[in-house]
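Look over the sequence and the structure first, then read the points below.

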Amino acid sequence: MSKSKIFLTLCLGLIGGVFLGRFINYEIMAIAAMIFIITIALGWSNKMAVVIGMTGLMAVLGAWRFQTDIRQNDLTSFYDQKITGTGMILEEPDVRPDKTFLTIGKIMINGKEVDSKILFNVGRFPEYEYGQKVSFTGKLEMPKDAQNPGDFSYKNYLSRYGIDGLIYFPKVEVMGLGGNVIKSQILKFKKTWVENVSQLLPEPQNAFLAGLLLGAKRSIPQWLIDSFNATGTSHIIAVSGYNITIIAAGIDWILRRFLRKRISFILSLIAIIIFVIMTGASASVIRAGMMGALGLVALNLGRIYAITNALALTAAAMLVINPQILHFDVGFQLSFSALLGLVYLTPMIEPYFQWMPKLIQPYWLATLSAQAFALPILLLNFDRLSLIAPIANVLTLPFIPLTMLFGFLSGILSFVWDKLALPLAWITWILLTYIIKVISFLANIPFASLAVNFSIWGLVIYYLVLSLILFHHYKWKPRLKTS
C-alpha cells in the first residue's frame, strides 16, 4: 500500500469515527482502542496490520472528539432560572421582520466564565451590532430536542454553533464595543453595500441579489423561495460549497474566453475570497469557501487521484474543528456530497454529453453531478423531489456569474457616485428579472415537484449503488480527467 493510500485510509478512519461517535460511549471507545493497540503490537512486522490498527485508532480519536464536543455544556446548572450576566455579540445580528437573534459568547454568570453560547431572541429595535459588550437579565431555557427519532432537533441545530441556551426577550444593556476589528469593518462594509444596492434596485430583485451575493435570504419573498424550492434551484441563494463552486467555475469559464487559464483560475479563487468576506466571514461561510475553492481546484486539476487525498484531508480537518457538522449541519452534508459529485461523477458522464452546446455543457454536467450526489440528503431532510430541476438549472445557472459580477460592481461603484452605478444596475436588473421569471414560470408547471417519503435506509442503498457504479468505472479508468 502506497503512502498516499495510507494517508487516505487514516483520514477516512477519522471521518468514520466522528460519524460513529454519536452512537457509542467512552467504554466502547476504550475497548476498541485496546484492541487496535494490540493489533499494532502483535502485527508490527506486518504493514497491513499496522495500517488497520492505526486506522482504528484514528476512528476512536474521531469518536472521542465528537463525544467531548457534544457533551461540552456549561449551562446545565442554569436552565429554567432567571440569570444575570455579561457577554459579547459574537456574530452579525440575524435580523427578521419582527425580531432579531443575537449570538452571545464570552459570557460571565455570577462571576463564573462559561464557554457555551446563548441565543437571544430580542425585539426588532433597538438595533445591535457585532462586537457589542452587553449585560443581560432573563430566563435561560434549554433548546428543544427532537420528540421522535428523525424529527428536527433545535438543540442539535444550535449545538453545532456552540449554542446551548436560549433567552427570549431578555433585558439587554450595551456596555461598550469590542470584538475583532477586521470583522467589524467587514460587516460595516457589507451593511453599507446592502443599503447602497437597495437604492439602485427595486424588490424582489434587490432581495434576490442580496441572497446571491451574501446568502441573505431573510428579505426574499416567500413565494420566490417556494419557487426556488420547487425548481431545485434553492442552492443559488445558499452559502454552500456547491453554490460557490458552481459560481466560481462559471466565472472561471467566462474569464477563459479572454485570459490565460492560470490567470482566470487565480481570479476565480479571488472571487471566492471576496464572496467569503462579503458574507461576513463566519465559520460556516469560511467552510463553504474552502470547499468551493477545493471544488474549483478539482475541476481545473483534472485528475481524480490527485484530488482525493485533498478532499479527505479537508473533511477530516473540518470535523476535528467542529465534529457536529457531520450529523447536524445539512449545509455541510449537501456541500460535500455535491463536491464529491463534481469530482467523481462529472468526468464519468462527460463523454455522453459531447453533443451539448459548449455554452451550457459545464453547467449541465456540474448541476447533474452535484444533484445526483446530494439528492438523497435533500429527500431525507426536505421530503420533496423537483422534477424540473435540470431544466431550471440549465436555463438560469449560465447567467448567475454575470448577475453576481454586475451586481457586485454596481454596489462598489455606488460608493463613488449613484449615477455611475446605474448602467450596471440596469444590466443587473435585467438578468435578475429574467431568472425570477423563468423560475416562477417553471415552478407553476403541474407536478414540477413531488412530495416524497424517504428513509435513512433509502439513503444508504442509494449511496451504496452509486459507490459500486463509480468503483467499477474508476477501477478501469483510474486517471480520468475532469475536463
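Arg-124 counts as partly exposed because its relative accessibility is 25%; buried means under 20% relative accessible area, exposed over 50%, and partly exposed in between (1.4 Å probe, protein chains only). This is a predicted model, in which local features need pLDDT of at least 70 and side-chain atom pairs count only at pLDDT 80 or more, while totals for chains, interfaces and linings use all residues. Residues are numbered from 1 along each chain as its sequence is written, and side-chain values use heavy atoms, with hydrogens and water left out.

**Salt bridges**

- The structure holds six salt bridges, each defined as a side-chain nitrogen of Lys or Arg within 4 Å of a carboxyl oxygen of Asp or Glu.
- Arg-124 pairs with Glu-127, with 3.5 Å between the closest N and O atoms; Glu-127 is partly exposed, at 48% relative accessibility.
- Another salt bridge joins Asp-329 and Arg-160 (2.9 Å, N to O).
- Asp-329 is in the loop between α12 and α13, and Arg-160 is in the loop between α4 (154–159) and β7 (163–168), so this pair ties together parts that are 169 residues apart in sequence.
- Asp-329 is buried at 7% relative accessible area, and Arg-160 is buried at 9%.
- Lys-183 and Glu-91 also form a salt bridge (3.0 Å, N to O).
- Lys-183 lies in helix α5 (residues 181–198) and Glu-91 in the loop between β1 (81–89) and β2 (94–95), so the bridge ties together parts 92 residues apart in sequence.
- Helices (H or I, at least four residues) and strands (E, at least two) are DSSP runs, numbered from the N terminus.

**Nonpolar cores**

- A nonpolar core is a set of buried Ala, Val, Leu, Ile, Met, Phe, Trp, Tyr and Cys residues joined through side-chain atoms within 4.5 Å.
- The largest core has 45 residues, and those touching the most other members include Leu-311, Phe-332 and Leu-470.
- Helix α13 gives the largest share of this core, 11 residues.
- Leu-470 touches Tyr-344, Leu-345, Met-348 and Phe-373, not counting residues up to four places away in sequence; contact means heavy atoms within 4.5 Å.
- A second, separate core has 36 residues, among them Ile-237 and Val-438.

**Thr-308**

- Thr-308 sits in helix α11 and counts as buried, at 18% relative accessibility.
- Not counting residues up to four places away in sequence, Thr-308 touches Leu-8 and Tyr-344.
- The C-alpha atoms of Thr-308 and Met-88 are separated by 40 Å, and the two residues are 220 residues apart along the chain.
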